[in-house]
Amino acid sequence: MMAEPSFKVRWIARRNAIFASSRFQYWAARIPFIRSVARTRATQMFDHLVGFSYSQVLRAAVESGLLDLLAKGPVSAGEVAQDIDLSEDAAMRLLKAARALDLAEEAQSDGWMLGQQGAVLQADPGTQAMIRHHRLLYSDLADPIDLLRRNRKEPTALSHYWSYAGALHGAAERGAETQEYSELMAASQRFVADEVIGAFRFPKQGSLLDVGGGHGEFIRRVGAAYPHIRLGLFDLPEVAEAARGPLAQSVGAERLTCHPGNFFENGIPQGYDIVSLIRILHDHDDEPAMALLRNIRASLSPGGRLLIAEPMAGIPGALAMGDAFFGLYLWAMGSGRPRSPDEVARMLRAAGFSRTRVVPTAQPVIASCIVAHA
Ligand SMILES: CC(C)=CCC/C(C)=C/CC/C(C)=C/C=C/C(C)=C/C=C/C=C(C)/C=C/C=C(C)/C=C/C=C(C)/C=C/CC(C)(C)O
Ligand SMILES: C[S@@+](CC[C@H](N)C(=O)[O-])C[C@H]1O[C@@H](n2cnc3c(N)ncnc32)[C@H](O)[C@@H]1O
């Protein structure tokens with residue numbers, strides 16, 4: 001027999017019945033004070049509903065070169081039309097859509113420039129690369145129920161792209177593809193690295209090993225901020241080998257060691273003060289994620305620390321980013337899930353770490369940070 005519904009259950013049922021009533025909605029939109037909440041809710045629902053159209057405006061602005069053109073503005077609608085090969089009518093439709101999203105601004109009569117959000121986006125090749133990349137996500141999400149019903153290990157556009165995840169279930173070969181995803185990750189690393197470096201103090205004379213460090217953009221940035229820190233990069237052989245030359249040139253060969261390897265099959269190199277996992281843990285389901293944490297724990301001496309930074313779930317003010325974006329993204333990728341800081345902390349303790357601490361970041365929508373002590 002079902003237990004008596006709790007007070008909370010009864011309260012939610014009552015609240016939902018009131019919110020669903022069209023009479024309540026009608027009056028709420030007209031009563032002073034309450035109407036601002038009603039308007040915000042309606043706009044929020046509308047934005048969720050049409051989010052895909054907004055994304056496609058971003059994509060058109062990036063892929064057509066409109067943002068770069070506006071950066072040289074003011075430009076007329078005619079010039080825009082000619083430059084991006086659209087009719088004047090279509091160019092004006094795109095400019096107005098871009099203006100509505102604050103990507104463009106009409107600074108003078110028929111003189112278009114970047115809007116405030118446009119200025120941020122145009123200056124950031126990493127976010128632009130993500131906008132281009134999301135065509136894969138949206139093709140996988142074309143039928144979301146079908147995606148959620150299918151065996152998660154069936155190949156998708158994203159699992160093919162992330163060949164290391166695809167390789168886990170035989171969907172893809174490695175090679176040229178690692179080059180492509182490494183470049184995307186390097187391009188979008190700027191904000192993540194800034195968040196981590198702004199939040200966490202690295203030991204000035206110590207050593208840092210970035211596990212799954214890709215082309216080394218993170219350690220390049222830490223290396224620039226801490227000129228005396230010794231740097232290590234661990235990644236799949238084809239990635240680590242491709243990173244070695246350019247990275248040595250950038251940070252100095254004498255303080256860099258590249259370790260080719262597979263963190264599920266090989267031990268993590270020992271002797272580092274800090275090991276970092278940047279945008280790695282969420283890629284993996286719980287069992288492999290625990291194996292990776294144990295592997296890192298085994299490599300650390302007393303006093304050693306593990307720094308985890310990635311977008312996390314359950315972050316106040318950024319809830320949708322965690323479970324509504326990364327939840328579906330990683331589902332489509334076929335591996336991993338976003339975790340809350342509490343979940344990550346529990347896993348760290350189960351892997352043998354003694355203490356964990358959340359390090360607050362300025363923009364949790366980009367990354368949250370947890371440090372664990374060996
Ligand atoms: C001074 C006066 C008068 C006013 C000031 C007003 C003011 C504060 C203006 C603000 C200007 C400003 C500083 C704006 C800053 C804007 C920023 C920092 C925007 C940042 C946006 C970042 C975005 C949109 C990031 C998106 C990231 C995405 C979608 C990442 C996706 C990552 C994926 C898919 C990763 C995949 C890897 C895998 C497989 C999961 O491991
Ligand atoms: C999502 S990318 C993150 C790269 C980088 N940390 C960043 O934030 O830009 C995941 C990285 O983990 C590496 N990787 C995936 N599986 C691996 C494995 N089994 N062993 C070592 N590295 C692996 C990939 O090659 C890739 O560079």
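1. A polar contact is taken here as a pair of N or O atoms within 3.5 Å; within protein, one atom must be able to donate a hydrogen and the other to accept it, and residues adjacent in sequence count only if both atoms are side-chain atoms. In this predicted model, a polar side-chain atom of D283 lies 2.6 Å from an oxygen atom of ligand 1.

2. Taken alone, ligand 1 exposes 1,100 Å², of which the protein buries 50%, with accessible areas coming from the Shrake-Rupley method and a 1.4 Å probe.

3. Around ligand 1 there are 13 residues, and M130, H282, D283, Y329 and M333 come nearest, where a residue is near if one of its heavy atoms lies within 4 Å. The shell divides into 8 nonpolar, 3 polar and 2 charged residues, with Met and Tyr among those counted as nonpolar, Asp among the charged, and Gly among the polar. Helix α17 (319-333) and helix α8 (125-140) each supply at least two shell residues, and α17 gives the most, with 4; helices are DSSP runs (H or I, at least four residues), and strands likewise (E, at least two).

4. An open sheet of 7 strands runs in the order β5-β4-β3-β6-β7-β9-β8 with mixed pairing, and its edge strands are β5 (256-260) and β8 (355-359). Two strands pair if DSSP finds at least two bridges between them; β6 (residues 274-278) and β7 (residues 305-310) do so in the parallel sense over 5 bridges.

5. On conventions, local features need pLDDT of at least 70, and side-chain atom pairs count only at pLDDT 80 or more, whereas totals for chains, interfaces and linings use all residues. Residues are numbered from 1 along each chain as its sequence is written, chains are lettered from A and ligands numbered from 1 in the order in which they are written, and side-chain values use heavy atoms, leaving out hydrogens and water.
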